[in-house]
Amino acid sequence: MGTSTRWEGPNGDRWSSAARRLARWRADSRNADQRLEEIAADHLRALHETLRADRSAFGLYDTACAAGERLAEALSSLAAEGAESADALVARLVLEVGGDGGTLADAAVRRGVAAAVRDVRDRHPELDDAMDAGAAHGGFAWGILCDLYQIFFADMVGEFLRSVVAEHVKLAVPVLIATDPEGRIADWVAEKTVDLVPNPCEVAAEATDLPETVDTAQPVVGGAQDPSAVLPEIAASLVPRAVGRALGLITDETTGEEGAAA
């Protein structure tokens, strides 16, 4: 956010309460880590409650759905072509998925893309090996791409809340900047959210009885479809559910008829 951009972020009692708890937090206090996690949970709860009351809030739901659809479309080309380096992968996904909007939600999507690439590299060290060796030109394994899809939605939520927390820090408690609470809160939120997001490879395996070879970029034997044909479609169909779960609109309590409809 540049100096000419007016802050139009979250406000209200729940958000103010979370901000006040952050203002009182000190890195050298007793149980500081636990308290920061509680503050992160406060911010995530505030986001969920705000969106349940008004799904259009911040434009986050619609922006996330549009980005998810673009990501699902990008999976096919990544499975076929890969990328030369992590920087090239981030640049490509920011261009293809991030869009060019200037809202907080748009910025969260673009930062979420970069964070997702970072996190999937941590989860799959073989990705760096493939890119370093130039082998990625043959395409990325679907297991990696499905994890990237799943992680993206979680990191997008974390990055949106990073902006909120960073603004609270800047406006209320600039002394906290050195401790990077916004980064730690974003990471905590992403870790708590990622397992809520459906993984296209797992859904495909359950729906079509695809064997474990769905985790490769090779055709599946035994008459099943090539994963490169079915997985992008499944990923696209899962976008409303992925966004709904990540944003707290679909919970375990709403998984019945409402969750199925989403």
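Author: Helix α1, residues 13-24, has twelve residues and spans 17 Å from its first C-alpha to its last, close to the 16 Å expected at 1.5 Å a residue. Helices here are DSSP runs of H or I with at least four residues, numbered from the N terminus, and the expected span is 1.5 Å times one less than the number of residues. The model is predicted: local features need pLDDT of at least 70, side-chain atom pairs count only at pLDDT 80 or more, and totals for chains, interfaces and linings use all residues. Residues are numbered from 1 along each chain as its sequence is written, and side-chain values use heavy atoms, with hydrogens and water left out.

The buried residues of α1 are Trp15, Ala18, Ala19 and Leu22 (buried means under 20% relative accessible area, exposed over 50%, with a 1.4 Å probe and protein chains only). They cover an arc of only 100 degrees around the axis, which puts them on the same side of α1; the arc is that of the directions from the helix axis to the C-beta atoms. Asp13 and Arg24 are exposed on the other side of α1.

Elsewhere, Glutamate 182 lies in helix α8, residues 181-193. Not counting residues up to four places away in sequence, Glutamate 182 touches Arg162, Val165, Ala166 and Val169, where contact means heavy atoms within 4.5 Å.

Leaving aside neighbours within four places in sequence, valine 157 is in contact with Leu44, Leu47, Val189, Ala246 and Leu247.

Notes:
Helices (H or I, at least four residues) and strands (E, at least two) are DSSP runs, numbered from the N terminus.
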